[in-house]
Amino acid sequence: MSSSAVDNSGGYRFVVKYRAGASELRDTAAANRGLGAAASRAGLDRTVAKTARAAAQPAVQAALLRRMGTPGWTVVKTSRALNAQEAADFVRELKANPAVESASIDRMYQRMVDVAPSMTPTDPNYAQYQWNFFNATSGVRAPQAWDISQGEGVVVAVIDTGIVQDNPDLQNNVIPGYDMISDKRVSRRATDDRVAGGWDLGDWIETNYCTGWATSDPHPADVSSWHGSHVSGTVAQETNNGKGLAGLAYKAKVMPIRVLGSCGGFGSDISDGIVWAAGGEVPGLPLNTNPAEVINMSLGSGSPSSCPTEYQEAIDLANSKGAIVVVAAGNDNANAATYTMSSCNNVISVGATGVAGGRAYYSNYGARVDLSAPGGGGAGDGNPNGYIWQVINGADQSPEAGNWILGGMGGTSMASPHVAAAVAMVQSVVDTPLTLNQMRDLLKSTATPFPVAIPASTPIGAGILNINAALVKATEPPCDPNVEQCGPDATPLVNKVAVTGLAGSGGSEVVYSFEAEAGKVLTFMTYGGSGDVSMYVSFNAVPSASQSDAKSTRAGNSETVRFNKAQAGTYYVTLVGASSYSGVSLVARQ
């Protein structure tokens with residue numbers, strides 16, 4: 001299933017970054033003079049005559065709309081929408097200004113299109129609907145994890161459509177955020193002003209409502225998605241309260257950052273939402289007094305798109321303030337590296353699995369995907385079509401008080417909040433908050449191996465999120481060799497189950513272990529991906545490039561080590577990056 005299609009060839013809003021020291025950074029009049037000059041050079045300062053194919057177009061005025069939270073960035077608005085050629089000419093002339101470092105269209109982005117509409121089951125029941133939490137094959141091991149952590153004390157910002165107020169099964173876990181949408185046609189508010197709260201007013205789209213916005217959206221024209229409420233429910237729906245459904249980090253707090261409305265949302269609003277959520281300064285807004293440690297983004301580009309510079313700088317700023325950004329890989333059955341948000345650096349990208357534990361047919365894939373989590377969207381095992389369920393509003397357009405239903409959805413949008421909740425649960429109980437890289441490594445190293453084979457051509461990360469294993473490892477006291485025998489830190493392999501999506505830099509070392517039976521043929525293999533990895537294997541000892549029982553060091557990633565009569569006990573496998581490598585699979589067979 002594809003994300004919403006987006007035509008970003010034209011526009012009426014643009015993002016411009018001025019160079020350090022430029023007068024335009026502090027002088028709005030100077031900025032406007034430069035913008036007017038760019039419009040003039042692009043030929044936009046005169047009326048376009050009517051033709052047989054097009055109506056007359058008035059001359060264009062360009063002006064600074066506002067300054068953004070990422071240093072140097074501004075939003076520019078033109079007096080009318082520009083067609084593709086006009087927009088290209090304007091961007092070219094903006095870049096010709098020596099004071100300008102970067103300029104581009106302020107593109108519209110959408111929530112991920114989900115693979116199932118909302119529906120109302122007759123008998124809400126955790127055991128029936130929330131397979132994604134407890135299923136032994138494909139669940140995230142929530143019941144065991146809850147004995148260790150429930151996410152208490154952590155704020156998770158959900159950058160999405162907002163949250164509908166007064167959800168009876170979520171409201172006690174919501175702290176107000178902000179509605180970052182700066183265009184009333186997108187927000188459906190009365191003015192263009194941003195407002196506190198982050199409440200979802202509906203994202204339904206009337207026929208032809210998006211015309212001229214450089215976007216088209218295939219969602220049903222008259223139905224709101226309540227997407228942000230569903231995502232937030234998976235993170236922190238109230239639990240053990242005798243109503244509705246459960247959430248994963250149910251003692252954490254979710255903060256709605258509304259950036260998506262009718263037709264989607266502007267990249268500049270999304271960038272500011274990232275900065276504000278993490279506690280950064282956004283001109284014109286009060287500081288966020290409850291900065292988020294975790295940011296979930298179940299949104300992205302509807303067609304191949306590299307990470308916009310303003311997004312990357314916002315993400316980097318959030319990282320610098322300690323926030324970990326978790327993103328949905330996308331629903332286009334395509335390489336996640338070619339879509340925003342997975343094309344951005346310094347994020348944890350999440351693919352989607354179904355009720356049987358395999359890749360959901362819509363999930364994006366590739367080396368950029370770190371791990372997967374339940375996204376649903378396929379029938380199986382008596383669950384209602386295998387979808388992900390949460391409590392949402394039942395209205396078609398504007399939210400209705402008292403109208404609450406169970407909504408079933410499927411997509412990487414549903415997978416990502418599982419991982420965001422896991423991050424919150426880990427940060428809640430560790431002595432020192434983990435960094436992005438530490439958290440990514442923890443989640444990947446403790447993921448459950450996929451119960452079904454994942455084709456090498458469509459890898460979706462290290463495995464399925466295992467919250468319990470992550471918490472156990474994160475809270476395990478360090479081994480003290482003075483009082484106990486310390487074993488190697490190795491990730492166990494399961495017989496005939498490949499660990500996929502492995503990556504490392506040149507010289508990096510990662511250790512795996514396998515419990516072998518005596519007398520049988522034992523084979524270790526790596527395959528797929530790119531780069532060059534070497535494999536070293538020893539019995540009852542961790543091997544290295546200088547010492548091992550056996551090794552395979554061919555160029556590339558096709559390495560094989562075989563023992564014709566294995567010993568009973570533990571074999572250790574060390575993968576060493578002969579150079580950087582990614583997308584590699586490792587399997588043990590006996």
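Buried means under 20% relative accessible area, exposed over 50%, and partly exposed in between, computed with a 1.4 Å probe on protein chains only. This is a predicted model, in which local features need pLDDT of at least 70 and side-chain atom pairs count only at pLDDT 80 or more, while totals for chains, interfaces and linings use all residues. Residues are numbered from 1 along each chain as its sequence is written, and side-chain values use heavy atoms, without hydrogens and water.

The tour follows salt bridges, each a side-chain nitrogen of Lys or Arg within 4 Å of a carboxyl oxygen of Asp or Glu. The count is 17 salt bridges.

Select K520 and E517 to begin. Their side chains form a salt bridge with N to O at 3.1 Å. K520 is partly exposed at 40% relative accessible area, and E517 is partly exposed at 45%.

Next, select R13, R66, D106, R194, D269 and D272: salt bridges with shared partners join these residues into one network.

Now go to K17 and E313, whose closest N and O atoms are 2.7 Å apart in a salt bridge. K17 is in strand β1 (residues 11–18) and E313 in helix α9 (residues 309–320), 296 residues apart; helices (H or I, at least four residues) and strands (E, at least two) are DSSP runs numbered from the N terminus. K17 is buried at 12% relative accessibility, whereas E313 is partly exposed at 22%.

Finish at R440 and D370, a salt bridge of 3.4 Å, N to O. R440 lies in helix α11 (residues 436–445) and D370 in the loop between β14 (348–353) and β15 (371–374), so the pair ties together parts 70 residues apart in sequence. R440 is buried at 17%, and D370 is buried at 7%.
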